[in-house]
Amino acid sequence: MKKTIITVVGKDSVGIIARVCTYLAENSINILDISQTIVSGYFNMMMIVDGNKAEKEFHIWAEELEKMGEVLSCTVKVQHEDIFNKMHRI
Amino acid sequence: MINIGEVFETNKMIEQENLDVRTITLGISLLDCADGDLEKVNEKIYDKITTVAKDLLKVGQEIEREYGIPIVNKRISVTPISIVGACACHSPEDFITIAKTLDKAAKAVGVNFIGGYSALVPKGMTKSDKNLILSIPRALAETERVCSSVNVGSTKAGINMDAVRLLGDIILDAAELTKEKDSLGCAKLVVFCNAPDDNPFMAGAFHGVTESDAVVNVGVSGPGVVKTALEEVRGADFGALCETVKKTAFKITRVGQLVAQEASKRLNIPFGIIDLSLAPTPAIGDSIAEIFEVMGLERAGAPGTTAALALLNDQVKKGGVMASSYVGGLSGAFIPVSEDQGMIDAVKEGALTLEKLEAMTCVCSVGLDMIAIPGDTKASSIAGLIADEMAIGMVNQKTTAVRVIPVIGKTVGDTAEFGGLLGYAPIMPVNPFGCGDFVNRGGRIPAPIHSFKN
(Lines give C-alpha, C1' and ligand atoms only; values in the text may rest on other atoms or scores of the structure.)
Protein backbone atom coordinates (compact mmCIF):
# COMPACT_ATOMS: atom_id res chain seq x y z
CA MET A 1 0.00 0.00 0.00
CA LYS A 2 1.42 3.35 -1.01
CA LYS A 3 0.82 5.91 1.70
CA THR A 4 0.70 9.66 1.30
CA ILE A 5 1.86 12.34 3.70
CA ILE A 6 -0.15 15.53 4.02
CA THR A 7 1.47 18.45 5.84
CA VAL A 8 -0.32 21.61 6.87
CA VAL A 9 1.64 24.61 8.15
CA GLY A 10 0.24 28.04 8.93
CA LYS A 11 -1.36 30.37 11.42
CA ASP A 12 -3.60 28.49 13.85
CA SER A 13 -7.34 28.97 13.43
CA VAL A 14 -10.53 27.10 14.25
CA GLY A 15 -11.46 24.17 12.05
CA ILE A 16 -8.31 23.49 10.02
CA ILE A 17 -8.26 19.79 10.85
CA ALA A 18 -12.04 19.56 10.40
CA ARG A 19 -11.92 21.05 6.91
CA VAL A 20 -9.09 18.80 5.77
CA CYS A 21 -10.67 15.70 7.33
CA THR A 22 -14.04 16.42 5.76
CA TYR A 23 -12.45 16.69 2.33
CA LEU A 24 -10.59 13.42 2.86
CA ALA A 25 -13.74 11.61 4.01
CA GLU A 26 -15.74 12.89 1.05
CA ASN A 27 -13.08 11.55 -1.28
CA SER A 28 -12.68 8.09 0.35
CA ILE A 29 -9.19 8.85 1.60
CA ASN A 30 -8.50 7.01 4.85
CA ILE A 31 -6.53 8.70 7.65
CA LEU A 32 -4.00 6.34 9.26
CA ASP A 33 -2.24 8.74 11.61
CA ILE A 34 -2.32 12.38 12.65
CA SER A 35 0.32 14.33 14.58
CA GLN A 36 0.02 17.98 15.32
CA THR A 37 1.91 20.64 17.24
CA ILE A 38 1.67 24.40 17.67
CA VAL A 39 5.01 26.19 17.59
CA SER A 40 4.84 29.90 18.54
CA GLY A 41 1.31 30.29 17.24
CA TYR A 42 1.99 28.34 14.07
CA PHE A 43 0.05 25.24 13.32
CA ASN A 44 2.10 22.20 12.17
CA MET A 45 0.19 19.08 11.22
CA MET A 46 1.17 15.87 9.52
CA MET A 47 -1.27 13.20 8.35
CA ILE A 48 -0.46 9.80 6.97
CA VAL A 49 -3.28 8.75 4.65
CA ASP A 50 -4.18 5.93 2.33
CA GLY A 51 -5.51 7.32 -0.93
CA ASN A 52 -5.72 4.05 -2.83
CA LYS A 53 -9.54 4.01 -2.72
CA ALA A 54 -9.88 7.64 -3.81
CA GLU A 55 -11.98 8.02 -6.94
CA LYS A 56 -10.05 11.06 -8.09
CA GLU A 57 -6.56 10.69 -9.44
CA PHE A 58 -3.69 11.54 -7.08
CA HIS A 59 -2.70 14.77 -8.78
CA ILE A 60 -6.29 16.06 -8.68
CA TRP A 61 -6.98 15.51 -4.98
CA ALA A 62 -3.47 16.65 -4.12
CA GLU A 63 -4.01 19.92 -5.97
CA GLU A 64 -7.51 20.43 -4.49
CA LEU A 65 -6.09 20.03 -0.98
CA GLU A 66 -3.27 22.45 -1.74
CA LYS A 67 -5.85 24.98 -2.99
CA MET A 68 -7.86 24.49 0.20
CA GLY A 69 -4.70 25.52 2.04
CA GLU A 70 -4.85 28.92 0.37
CA VAL A 71 -8.39 29.44 1.69
CA LEU A 72 -7.28 28.45 5.20
CA SER A 73 -4.16 30.66 4.97
CA CYS A 74 -2.02 27.56 5.40
CA THR A 75 0.53 25.80 3.24
CA VAL A 76 -0.64 22.31 2.40
CA LYS A 77 1.72 19.79 0.79
CA VAL A 78 0.79 16.34 -0.42
CA GLN A 79 3.64 13.91 -1.04
CA HIS A 80 4.16 10.18 -1.38
CA GLU A 81 5.74 8.86 1.79
CA ASP A 82 8.72 7.26 0.01
CA ILE A 83 10.66 10.51 -0.13
CA PHE A 84 10.67 10.62 3.68
CA ASN A 85 11.30 6.90 4.16
CA LYS A 86 14.21 6.94 1.77
CA MET A 87 15.78 9.97 3.35
CA HIS A 88 15.41 9.01 7.00
CA ARG A 89 15.53 5.18 7.00
CA ILE A 90 18.35 2.93 5.85
CA MET B 1 6.58 4.91 10.89
CA ILE B 2 7.88 8.26 9.75
CA ASN B 3 7.49 11.04 12.33
CA ILE B 4 6.51 14.68 12.09
CA GLY B 5 10.05 15.95 12.78
CA GLU B 6 11.49 13.97 9.88
CA VAL B 7 8.76 15.11 7.51
CA PHE B 8 9.30 18.76 8.36
CA GLU B 9 13.09 18.35 8.13
CA THR B 10 12.78 17.09 4.55
CA ASN B 11 10.34 19.80 3.55
CA LYS B 12 12.52 22.48 5.10
CA MET B 13 15.41 21.26 2.95
CA ILE B 14 13.23 21.57 -0.15
CA GLU B 15 11.51 24.85 0.66
CA GLN B 16 14.22 26.84 2.40
CA GLU B 17 17.55 25.23 1.52
CA ASN B 18 17.07 24.69 -2.22
CA LEU B 19 17.21 20.89 -2.12
CA ASP B 20 16.43 19.61 -5.57
CA VAL B 21 17.35 16.95 -8.04
CA ARG B 22 19.47 18.86 -10.50
CA THR B 23 18.92 16.69 -13.52
CA ILE B 24 17.47 13.51 -14.91
CA THR B 25 19.61 12.84 -17.94
CA LEU B 26 18.55 10.21 -20.40
CA GLY B 27 21.53 8.70 -22.17
CA ILE B 28 20.70 7.44 -25.65
CA SER B 29 23.02 5.45 -27.89
CA LEU B 30 23.02 6.68 -31.47
CA LEU B 31 25.46 4.02 -32.69
CA ASP B 32 22.66 2.37 -34.67
CA CYS B 33 21.98 5.67 -36.49
CA ALA B 34 25.27 5.56 -38.38
CA ASP B 35 24.86 5.45 -42.15
CA GLY B 36 26.74 6.47 -45.29
CA ASP B 37 23.94 8.87 -46.27
CA LEU B 38 23.90 12.09 -44.23
CA GLU B 39 20.19 12.69 -44.73
CA LYS B 40 19.40 9.23 -43.40
CA VAL B 41 21.69 9.74 -40.40
CA ASN B 42 19.81 12.92 -39.50
CA GLU B 43 16.46 11.22 -39.95
CA LYS B 44 17.45 8.24 -37.81
CA ILE B 45 18.87 10.46 -35.05
CA TYR B 46 15.71 12.58 -34.88
CA ASP B 47 13.45 9.52 -34.85
CA LYS B 48 15.46 7.71 -32.20
CA ILE B 49 15.68 10.64 -29.80
CA THR B 50 12.03 11.62 -30.16
CA THR B 51 10.94 7.99 -29.65
CA VAL B 52 13.14 7.03 -26.70
CA ALA B 53 12.76 10.37 -24.89
CA LYS B 54 9.13 11.10 -25.70
CA ASP B 55 7.94 10.61 -22.10
CA LEU B 56 10.98 12.09 -20.33
CA LEU B 57 9.44 15.47 -19.56
CA LYS B 58 6.08 14.02 -18.52
CA VAL B 59 7.65 11.43 -16.22
CA GLY B 60 9.89 14.07 -14.66
CA GLN B 61 6.90 16.27 -13.93
CA GLU B 62 4.89 13.36 -12.48
CA ILE B 63 7.70 12.52 -10.08
CA GLU B 64 8.01 16.16 -9.04
CA ARG B 65 4.27 16.27 -8.33
CA GLU B 66 4.08 13.02 -6.39
CA TYR B 67 7.13 13.43 -4.18
CA GLY B 68 7.14 17.21 -3.92
CA ILE B 69 10.78 17.45 -4.97
CA PRO B 70 11.79 19.85 -7.76
CA ILE B 71 13.63 18.26 -10.67
CA VAL B 72 15.30 21.27 -12.19
CA ASN B 73 16.40 19.85 -15.53
CA LYS B 74 15.43 17.03 -17.83
CA ARG B 75 18.17 16.44 -20.36
CA ILE B 76 19.53 14.06 -22.96
CA SER B 77 23.02 12.83 -23.68
CA VAL B 78 23.93 10.97 -26.84
CA THR B 79 26.83 8.98 -28.29
CA PRO B 80 29.72 11.26 -29.31
CA ILE B 81 28.67 12.62 -32.70
CA SER B 82 32.17 12.30 -34.18
CA ILE B 83 31.61 8.53 -34.04
CA VAL B 84 27.97 8.54 -35.18
CA GLY B 85 28.69 10.87 -38.08
CA ALA B 86 32.08 9.44 -39.06
CA CYS B 87 30.76 7.59 -42.09
CA ALA B 88 28.46 10.31 -43.46
CA CYS B 89 30.19 13.57 -42.60
CA HIS B 90 33.06 14.65 -44.81
CA SER B 91 33.30 18.27 -43.73
CA PRO B 92 32.54 20.50 -40.72
CA GLU B 93 29.39 21.68 -42.57
CA ASP B 94 28.10 18.09 -42.68
CA PHE B 95 28.45 17.87 -38.90
CA ILE B 96 26.52 21.11 -38.44
CA THR B 97 23.45 19.47 -40.00
CA ILE B 98 23.60 16.89 -37.20
CA ALA B 99 23.91 19.64 -34.58
CA LYS B 100 20.74 21.20 -35.97
CA THR B 101 18.97 17.85 -35.90
CA LEU B 102 19.94 17.38 -32.24
CA ASP B 103 18.63 20.87 -31.46
CA LYS B 104 15.34 20.14 -33.23
CA ALA B 105 14.95 16.82 -31.40
CA ALA B 106 15.69 18.47 -28.04
CA LYS B 107 12.99 21.06 -28.70
CA ALA B 108 10.53 18.39 -29.82
CA VAL B 109 10.82 16.45 -26.55
CA GLY B 110 11.09 19.60 -24.42
CA VAL B 111 14.56 19.22 -22.87
CA ASN B 112 16.66 22.34 -22.27
CA PHE B 113 20.02 20.82 -23.20
CA ILE B 114 21.28 17.89 -25.25
CA GLY B 115 24.90 16.82 -24.80
CA GLY B 116 27.14 14.68 -26.94
CA TYR B 117 28.26 16.91 -29.79
CA SER B 118 31.59 15.48 -28.81
CA ALA B 119 34.86 13.93 -29.87
CA LEU B 120 37.15 11.66 -27.82
CA VAL B 121 40.71 12.35 -28.88
CA PRO B 122 43.12 11.76 -25.97
CA LYS B 123 45.62 9.97 -28.18
CA GLY B 124 44.85 11.17 -31.68
CA MET B 125 42.21 12.67 -33.94
CA THR B 126 40.53 10.88 -36.82
CA LYS B 127 39.48 12.94 -39.81
CA SER B 128 35.96 12.83 -38.45
CA ASP B 129 37.06 14.00 -34.98
CA LYS B 130 38.87 16.94 -36.52
CA ASN B 131 35.92 17.94 -38.69
CA LEU B 132 33.62 17.82 -35.69
CA ILE B 133 35.97 19.95 -33.60
CA LEU B 134 36.26 22.48 -36.45
CA SER B 135 32.46 22.66 -36.66
CA ILE B 136 31.96 23.36 -32.92
CA PRO B 137 31.94 27.19 -33.05
CA ARG B 138 29.25 27.32 -35.71
CA ALA B 139 27.32 24.41 -34.22
CA LEU B 140 27.11 26.23 -30.89
CA ALA B 141 26.26 29.57 -32.48
CA GLU B 142 23.56 28.18 -34.76
CA THR B 143 21.81 25.96 -32.23
CA GLU B 144 20.26 26.77 -28.89
CA ARG B 145 20.33 23.59 -26.83
CA VAL B 146 23.28 21.57 -28.14
CA CYS B 147 26.24 21.10 -25.79
CA SER B 148 29.67 20.06 -26.90
CA SER B 149 32.68 18.45 -25.26
CA VAL B 150 36.08 17.21 -26.34
CA ASN B 151 38.14 14.75 -24.33
CA VAL B 152 41.77 15.62 -25.07
CA GLY B 153 43.60 13.65 -22.42
CA SER B 154 43.54 10.63 -20.14
CA THR B 155 45.75 9.01 -17.54
CA LYS B 156 46.14 6.02 -19.85
CA ALA B 157 46.83 7.85 -23.12
CA GLY B 158 48.45 11.13 -22.15
CA ILE B 159 47.50 14.54 -23.53
CA ASN B 160 46.86 15.23 -27.19
CA MET B 161 48.57 18.60 -27.48
CA ASP B 162 47.53 19.03 -31.13
CA ALA B 163 43.91 18.96 -29.98
CA VAL B 164 44.68 21.22 -27.01
CA ARG B 165 46.26 23.82 -29.31
CA LEU B 166 43.40 23.55 -31.79
CA LEU B 167 40.83 24.06 -29.01
CA GLY B 168 42.49 27.33 -28.02
CA ASP B 169 41.42 28.64 -31.43
CA ILE B 170 38.06 26.89 -31.37
CA ILE B 171 37.12 28.48 -28.03
CA LEU B 172 38.00 31.93 -29.36
CA ASP B 173 36.02 31.29 -32.55
CA ALA B 174 33.01 30.13 -30.53
CA ALA B 175 33.32 33.29 -28.45
CA GLU B 176 33.50 35.50 -31.54
CA LEU B 177 30.45 33.91 -33.18
CA THR B 178 28.33 34.46 -30.05
CA LYS B 179 29.78 37.84 -29.03
CA GLU B 180 26.29 39.42 -29.08
CA LYS B 181 25.39 37.21 -26.11
CA ASP B 182 28.60 37.69 -24.10
CA SER B 183 30.22 34.75 -25.92
CA LEU B 184 27.64 32.33 -24.56
CA GLY B 185 28.72 29.65 -27.05
CA CYS B 186 31.76 28.88 -24.88
CA ALA B 187 29.50 28.11 -21.91
CA LYS B 188 28.29 25.11 -23.91
CA LEU B 189 31.76 23.69 -24.61
CA VAL B 190 33.85 21.64 -22.18
CA VAL B 191 37.37 20.34 -22.72
CA PHE B 192 38.03 17.22 -20.65
CA CYS B 193 40.74 14.95 -19.34
CA ASN B 194 39.44 11.52 -18.23
CA ALA B 195 35.86 12.33 -19.28
CA PRO B 196 33.36 9.88 -17.74
CA ASP B 197 30.97 7.98 -20.02
CA ASP B 198 27.99 8.47 -17.72
CA ASN B 199 28.10 12.11 -16.65
CA PRO B 200 24.57 13.55 -16.39
CA PHE B 201 25.72 17.18 -16.04
CA MET B 202 25.91 19.65 -18.88
CA ALA B 203 27.68 20.90 -20.79
CA GLY B 204 29.99 17.88 -20.67
CA ALA B 205 27.44 15.05 -20.77
CA PHE B 206 27.69 12.40 -23.47
CA HIS B 207 26.56 8.79 -23.68
CA GLY B 208 29.73 6.72 -23.83
CA VAL B 209 30.19 3.85 -26.24
CA THR B 210 30.57 1.50 -23.27
CA GLU B 211 26.96 2.19 -22.25
CA SER B 212 23.80 0.29 -23.15
CA ASP B 213 21.14 1.44 -25.61
CA ALA B 214 19.50 3.84 -23.19
CA VAL B 215 20.08 4.64 -19.55
CA VAL B 216 18.75 6.98 -16.85
CA ASN B 217 21.40 8.95 -14.94
CA VAL B 218 20.59 11.39 -12.18
CA GLY B 219 22.58 14.31 -10.78
CA VAL B 220 21.73 15.45 -7.26
CA SER B 221 22.43 18.77 -5.64
CA GLY B 222 22.09 20.51 -2.31
CA PRO B 223 24.86 22.94 -1.29
CA GLY B 224 22.26 24.87 0.73
CA VAL B 225 21.36 21.79 2.77
CA VAL B 226 25.02 21.10 3.60
CA LYS B 227 25.55 24.73 4.54
CA THR B 228 22.56 24.78 6.89
CA ALA B 229 23.67 21.51 8.50
CA LEU B 230 27.19 22.89 9.04
CA GLU B 231 25.82 25.98 10.74
CA GLU B 232 24.83 23.65 13.58
CA VAL B 233 28.45 22.57 14.12
CA ARG B 234 30.26 25.92 14.02
CA GLY B 235 33.47 25.66 16.04
CA ALA B 236 33.32 21.85 16.35
CA ASP B 237 36.39 19.81 15.35
CA PHE B 238 37.03 18.29 11.92
CA GLY B 239 35.60 14.93 12.98
CA ALA B 240 32.23 16.52 13.69
CA LEU B 241 32.43 18.63 10.52
CA CYS B 242 33.08 15.59 8.33
CA GLU B 243 30.36 13.52 9.99
CA THR B 244 27.83 16.29 9.35
CA VAL B 245 28.71 16.59 5.66
CA LYS B 246 28.60 12.82 5.27
CA LYS B 247 25.19 12.41 6.90
CA THR B 248 23.75 15.28 4.88
CA ALA B 249 25.18 13.90 1.63
CA PHE B 250 23.53 10.58 2.45
CA LYS B 251 20.12 12.20 2.79
CA ILE B 252 20.49 14.26 -0.37
CA THR B 253 21.63 11.27 -2.39
CA ARG B 254 18.78 9.07 -1.17
CA VAL B 255 16.34 11.48 -2.76
CA GLY B 256 18.31 11.24 -6.02
CA GLN B 257 18.24 7.45 -5.81
CA LEU B 258 14.46 7.46 -5.31
CA VAL B 259 13.94 9.77 -8.29
CA ALA B 260 16.30 7.70 -10.44
CA GLN B 261 14.53 4.45 -9.61
CA GLU B 262 11.09 5.92 -10.24
CA ALA B 263 12.18 7.50 -13.53
CA SER B 264 13.79 4.25 -14.63
CA LYS B 265 10.64 2.26 -13.80
CA ARG B 266 8.25 4.68 -15.49
CA LEU B 267 10.36 5.14 -18.62
CA ASN B 268 11.15 1.43 -18.73
CA ILE B 269 14.81 2.30 -19.23
CA PRO B 270 17.55 0.91 -16.95
CA PHE B 271 18.99 3.03 -14.15
CA GLY B 272 22.63 3.91 -14.72
CA ILE B 273 24.22 5.98 -11.99
CA ILE B 274 23.72 8.74 -9.47
CA ASP B 275 26.20 11.58 -9.75
CA LEU B 276 26.94 12.48 -6.12
CA SER B 277 27.27 16.17 -6.61
CA LEU B 278 26.97 19.46 -4.87
CA ALA B 279 25.96 21.67 -7.76
CA PRO B 280 25.51 25.34 -6.88
CA THR B 281 23.14 27.81 -8.54
CA PRO B 282 23.17 31.60 -8.51
CA ALA B 283 20.37 31.51 -5.88
CA ILE B 284 21.39 32.89 -2.48
CA GLY B 285 22.27 30.06 -0.10
CA ASP B 286 22.82 27.52 -2.89
CA SER B 287 26.55 28.07 -2.93
CA ILE B 288 29.73 26.07 -2.38
CA ALA B 289 31.58 29.27 -1.43
CA GLU B 290 29.11 29.84 1.40
CA ILE B 291 29.89 26.35 2.72
CA PHE B 292 33.55 27.39 2.96
CA GLU B 293 32.50 30.47 4.87
CA VAL B 294 30.51 28.41 7.37
CA MET B 295 33.55 26.12 7.68
CA GLY B 296 35.54 29.12 8.86
CA LEU B 297 37.09 30.76 5.81
CA GLU B 298 36.50 34.47 5.40
CA ARG B 299 35.97 34.06 1.65
CA ALA B 300 36.42 31.31 -0.93
CA GLY B 301 40.03 31.57 -2.06
CA ALA B 302 41.49 32.32 1.37
CA PRO B 303 44.37 30.09 2.54
CA GLY B 304 42.78 26.78 3.56
CA THR B 305 40.25 26.74 0.70
CA THR B 306 41.84 23.78 -1.06
CA ALA B 307 41.84 21.75 2.16
CA ALA B 308 38.21 22.70 2.84
CA LEU B 309 37.20 21.66 -0.67
CA ALA B 310 39.16 18.40 -0.41
CA LEU B 311 37.36 17.34 2.74
CA LEU B 312 33.99 18.49 1.40
CA ASN B 313 34.47 16.52 -1.80
CA ASP B 314 35.55 13.39 0.03
CA GLN B 315 32.76 13.45 2.61
CA VAL B 316 30.13 14.01 -0.06
CA LYS B 317 31.35 10.85 -1.76
CA LYS B 318 31.55 8.85 1.46
CA GLY B 319 27.99 9.78 2.45
CA GLY B 320 26.62 9.43 -1.05
CA VAL B 321 28.12 6.05 -1.89
CA MET B 322 26.10 4.30 0.80
CA ALA B 323 22.90 6.00 -0.31
CA SER B 324 23.00 4.73 -3.87
CA SER B 325 23.41 1.39 -5.56
CA TYR B 326 25.52 2.77 -8.41
CA VAL B 327 27.49 5.97 -8.44
CA GLY B 328 29.45 7.57 -11.24
CA GLY B 329 29.64 10.65 -13.42
CA LEU B 330 31.65 13.49 -11.99
CA SER B 331 30.64 13.10 -8.32
CA GLY B 332 31.86 15.75 -5.90
CA ALA B 333 31.63 19.49 -5.39
CA PHE B 334 31.41 21.68 -8.45
CA ILE B 335 33.14 25.05 -8.34
CA PRO B 336 31.73 27.00 -11.28
CA VAL B 337 32.30 30.70 -10.80
CA SER B 338 29.34 32.20 -12.67
CA GLU B 339 26.84 29.75 -11.17
CA ASP B 340 27.72 30.41 -7.54
CA GLN B 341 26.97 33.77 -5.92
CA GLY B 342 29.58 33.24 -3.19
CA MET B 343 32.27 32.52 -5.79
CA ILE B 344 31.28 35.62 -7.77
CA ASP B 345 31.56 37.75 -4.62
CA ALA B 346 34.94 36.20 -3.80
CA VAL B 347 36.26 37.06 -7.26
CA LYS B 348 34.90 40.61 -7.07
CA GLU B 349 36.57 41.18 -3.71
CA GLY B 350 39.89 39.84 -4.96
CA ALA B 351 39.86 36.76 -2.71
CA LEU B 352 39.70 34.21 -5.50
CA THR B 353 42.08 34.12 -8.46
CA LEU B 354 42.41 31.89 -11.48
CA GLU B 355 45.54 30.32 -10.00
CA LYS B 356 43.75 29.47 -6.75
CA LEU B 357 40.87 27.99 -8.71
CA GLU B 358 43.38 25.84 -10.56
CA ALA B 359 44.73 24.55 -7.26
CA MET B 360 41.19 23.82 -6.12
CA THR B 361 40.56 21.74 -9.24
CA CYS B 362 43.10 19.20 -7.95
CA VAL B 363 40.55 18.19 -5.33
CA CYS B 364 37.11 19.16 -6.72
CA SER B 365 34.92 17.08 -8.98
CA VAL B 366 35.72 18.75 -12.28
CA GLY B 367 37.84 21.76 -13.15
CA LEU B 368 38.01 25.37 -14.27
CA ASP B 369 34.31 25.88 -14.76
CA MET B 370 32.33 28.84 -16.06
CA ILE B 371 35.18 31.31 -15.77
CA ALA B 372 34.94 34.49 -17.82
CA ILE B 373 38.29 35.80 -19.10
CA PRO B 374 39.15 38.85 -21.23
CA GLY B 375 38.05 38.58 -24.87
CA ASP B 376 41.52 39.48 -26.08
CA THR B 377 43.17 36.49 -24.38
CA LYS B 378 45.50 34.77 -26.88
CA ALA B 379 44.47 31.37 -28.24
CA SER B 380 47.84 29.99 -27.12
CA SER B 381 47.19 31.17 -23.56
CA ILE B 382 43.81 29.42 -23.56
CA ALA B 383 45.57 26.29 -24.84
CA GLY B 384 48.11 26.70 -22.02
CA LEU B 385 45.29 26.91 -19.45
CA ILE B 386 43.79 23.75 -20.91
CA ALA B 387 47.16 21.96 -20.91
CA ASP B 388 47.69 22.78 -17.21
CA GLU B 389 44.26 21.52 -16.27
CA MET B 390 44.62 18.36 -18.36
CA ALA B 391 47.97 17.65 -16.69
CA ILE B 392 46.33 17.84 -13.27
CA GLY B 393 43.70 15.31 -14.37
CA MET B 394 46.16 12.99 -16.09
CA VAL B 395 48.61 12.80 -13.22
CA ASN B 396 45.98 12.60 -10.47
CA GLN B 397 43.81 10.06 -12.31
CA LYS B 398 40.77 12.28 -11.97
CA THR B 399 38.39 14.04 -14.32
CA THR B 400 39.36 17.63 -15.00
CA ALA B 401 37.78 20.06 -17.40
CA VAL B 402 38.02 23.56 -18.75
CA ARG B 403 35.01 25.70 -19.55
CA VAL B 404 36.34 29.22 -19.93
CA ILE B 405 34.55 32.04 -21.71
CA PRO B 406 36.75 34.66 -23.39
CA VAL B 407 34.13 37.40 -23.51
CA ILE B 408 34.68 39.33 -26.72
CA GLY B 409 34.72 43.09 -26.17
CA LYS B 410 35.02 42.83 -22.40
CA THR B 411 37.98 42.88 -20.06
CA VAL B 412 38.93 42.76 -16.38
CA GLY B 413 36.48 44.89 -14.40
CA ASP B 414 33.52 44.06 -16.68
CA THR B 415 30.84 41.47 -16.03
CA ALA B 416 29.50 38.85 -18.43
CA GLU B 417 25.79 37.95 -18.24
CA PHE B 418 24.79 34.44 -19.35
CA GLY B 419 21.32 34.23 -17.85
CA GLY B 420 19.40 31.51 -16.02
CA LEU B 421 21.33 28.72 -14.31
CA LEU B 422 24.51 29.81 -16.12
CA GLY B 423 24.48 33.03 -14.09
CA TYR B 424 26.90 35.93 -14.50
CA ALA B 425 30.61 36.35 -13.96
CA PRO B 426 33.19 39.05 -13.36
CA ILE B 427 35.97 38.84 -15.96
CA MET B 428 39.09 37.37 -14.35
CA PRO B 429 42.63 38.25 -15.40
CA VAL B 430 44.79 35.64 -17.14
CA ASN B 431 48.56 35.59 -16.60
CA PRO B 432 49.83 37.89 -19.40
CA PHE B 433 53.09 36.01 -20.03
CA GLY B 434 53.12 33.92 -23.20
CA CYS B 435 53.28 30.13 -23.67
CA GLY B 436 53.07 30.04 -27.48
CA ASP B 437 56.39 28.28 -28.09
CA PHE B 438 55.38 25.58 -25.63
CA VAL B 439 51.87 24.79 -26.85
CA ASN B 440 52.79 25.14 -30.54
CA ARG B 441 55.24 22.24 -30.40
CA GLY B 442 52.58 19.73 -31.50
CA GLY B 443 52.36 16.02 -30.76
CA ARG B 444 51.33 14.58 -27.43
CA ILE B 445 52.47 14.42 -23.85
CA PRO B 446 53.02 10.76 -22.93
CA ALA B 447 50.99 9.06 -20.20
CA PRO B 448 52.55 9.25 -16.72
CA ILE B 449 54.56 6.32 -15.37
CA HIS B 450 51.90 5.32 -12.82
CA SER B 451 49.43 4.62 -15.62
CA PHE B 452 51.30 1.37 -16.39
CA LYS B 453 49.45 -0.82 -13.96
CA ASN B 454 49.11 -3.98 -15.97
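This is a predicted model: local features need pLDDT of at least 70, side-chain atom pairs count only at pLDDT 80 or more; totals for chains, interfaces and linings use all residues.

Reply: Of the 454 residues of chain B, 59% count as buried. The secondary structure of chain B comprises 15 helices and 15 strands. Its C-alpha trace spans about 60 × 55 × 50 Å along the principal axes. The radius of gyration of chain B is 21 Å; a compact globule with 454 residues would be near 22 Å, so the two agree. Among contacts in chain B with a separation of 6 or more, 80% join residues 24 or more positions apart.

Now the division. Chain B splits into domain 1 (22-193) and domain 2 (216-439). Their centres, taken over C-alpha atoms, are 22 Å apart. Domain 1 of chain B puts 40 residues into the contact, and domain 2 of chain B puts in 45.

Look at the domain 1 side. Six elements of chain B each supply at least two residues there: β1 (21-28), α3 (56-67), β4 (146-154), β5 (158-160), α7 (161-177) and β6 (189-193). α7(B) gives the most, with 10 residues. By class, this side of domain 1 has 24 nonpolar, nine polar and seven charged residues. In soluble globular proteins, nonpolar side chains tend to be buried together.

The core comes next. The largest nonpolar core has 177 residues. V152(B), V164(B), L167(B) and V259(B) have the most contacts inside this core. Domain 1 (22-193) and domain 2 (216-439) of chain B each give the core at least three residues.

For context, turn to the contact between the chains. This one takes 21 residues from chain A and 18 residues from chain B. On the side of chain A that touches chain B, the elements giving two or more residues are β1 (3-11), β2 (30-39), β3 (42-50), α2 (58-71), β4 (74-80) and α3 (82-88) of chain A. α3(A) gives the most to that side, with seven residues. The classes on that side of chain A are seven nonpolar, nine polar and five charged residues.

Note on methods:
Residues are numbered from 1 along each chain as its sequence is written. Chains are lettered from A and ligands numbered from 1 in the order in which they are written. Helices (H or I, at least four residues) and strands (E, at least two) are DSSP runs, numbered from the N terminus. The radius of gyration is taken over C-alpha atoms; the globule rule is 2.2 Å times the number of residues to the power 0.38. A residue is buried if 20 or more other C-beta atoms lie within 10 Å of its own, exposed if 12 or fewer, and partly exposed in between; C-beta atoms are placed from the backbone. Two residues are in contact if their C-beta atoms, placed from the backbone, lie within 7 Å. Ala, Val, Leu, Ile, Met, Phe, Trp, Tyr, Cys and Pro count as nonpolar, Asp, Glu, Lys and Arg as charged, and the others, Gly among them, as polar. A nonpolar core is a set of buried Ala, Val, Leu, Ile, Met, Phe, Trp, Tyr and Cys residues joined through C-beta atoms within 7 Å. Domain bounds come from an automatic or database domain assignment.
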